[in-house]
Amino acid sequence: VSFNTVFDASDIQPSKAPHSLPRFQDSKSNLTSPMDGSVFSLDVENPGASTKKADSHSIFLNNLLDFVSNWKNCDESSCPFAGTWKDNVLGGSSASKPTGIPVAPFDIRQQLRDPWGGDFRPCPNSRAAELNAGAYKVYSKDDTVYWIPGAMGRVASQPIPRNGATDVKLDADLIFLSAFRASQNSVYFGTNQKLDKVATLNGSDNIVHLPKLSPHTTYYWRVDSLGKEGLSWSFTTGNEYS
């Protein structure tokens, strides 16, 4: 199990369907997982249990997880977390005793650029960046491609920042999921409905690096491709940087 980013009740646990993105919140949301085990990122089977979800041969590398819990209730001293754990950023665990797994509470906003806006790239100099933890490479101003899960449609979709988002960072990038079979995308951007063309992206490129945005300002944008005008999106900035 390696290079996963899972935090704040992403519902990856028995009897609950996994989600590709956390439920929508904003910068004012409480991102702290309860320590009673009711909310956690990952369930780990215990060695010697009847099912084989994990055992002493399992390896957990370079994951960013806010909470790890045993799948079966037991005394931690008799059935510790299975497998080998290395270079993970872990916020907490259900262990009642030390397990040898390094755990330290963290604020996800100090690890990732804009987690609630959908930008999960680790911030430079963060713990996630240091350990190369999570599903995405460390942010760089030279990034051109950002992986977004999901099916491509007739027009560009999955805007980052999310449509209608507030308190967006002043150094945000524009990111989107390209239309199906689009080989070129034209990106339009502005502070009103009359948008200016700011970039033409070719191939799989889907990131536009913007100049510094103004605080507390609403911006509008869209992506045209395949000879069609795209959907109109908007977001409003806050006053902070990533």
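Where is histidine 57 found? I looked this up in what is a predicted model, and histidine 57 sits in the loop that runs between strand S2 (42-44) and strand S3 (59-61). I then checked its accessibility and noted that histidine 57 counts as exposed, because its relative accessibility is 69%. I also looked at threonine 84, which is 27 residues from histidine 57 in sequence and 7.4 Å from histidine 57 in space, C-alpha to C-alpha.

Next I turned to the salt bridges, of which the count is 11. I followed arginine 113 to aspartate 119, whose side chains meet in a salt bridge at 3.2 Å, N to O, and I recorded both arginine 113 and aspartate 119 as buried. Arginine 113 also forms a salt bridge with aspartate 171, with 3.8 Å between the closest N and O atoms. I placed arginine 113 in strand S8 (residues 112-114) and aspartate 171 in the loop between strand S11 (165-168) and strand S12 (173-177), so this pair ties together parts that are 58 residues apart in sequence. For burial, I have arginine 113 at 5% relative accessibility, whereas aspartate 171, at 24%, counts as partly exposed. I noted that Arg113, Asp119 and Asp171 are among the members of a network of salt bridges, which also includes Arg121, Asp143 and Asp173.

Last, I looked at helix H2 (residues 127-131), where arginine 127 and glutamate 130 lie three residues apart, about one turn of the helix. These two form a salt bridge whose closest N and O atoms are 3.3 Å apart. I recorded arginine 127 as partly exposed, with a relative accessible area of 41%, and glutamate 130 as exposed, with 58%.

Notes: Residues are numbered from 1 along each chain as its sequence is written. This is a predicted model: local features need pLDDT of at least 70, side-chain atom pairs count only at pLDDT 80 or more; totals for chains, interfaces and linings use all residues. Side-chain values use heavy atoms; hydrogens and water are left out. Helices (H or I, at least four residues) and strands (E, at least two) are DSSP runs, numbered from the N terminus. Buried means under 20% relative accessible area, exposed over 50%, partly exposed in between (1.4 Å probe, protein chains only). A salt bridge is a side-chain nitrogen of Lys or Arg within 4 Å of a carboxyl oxygen of Asp or Glu.
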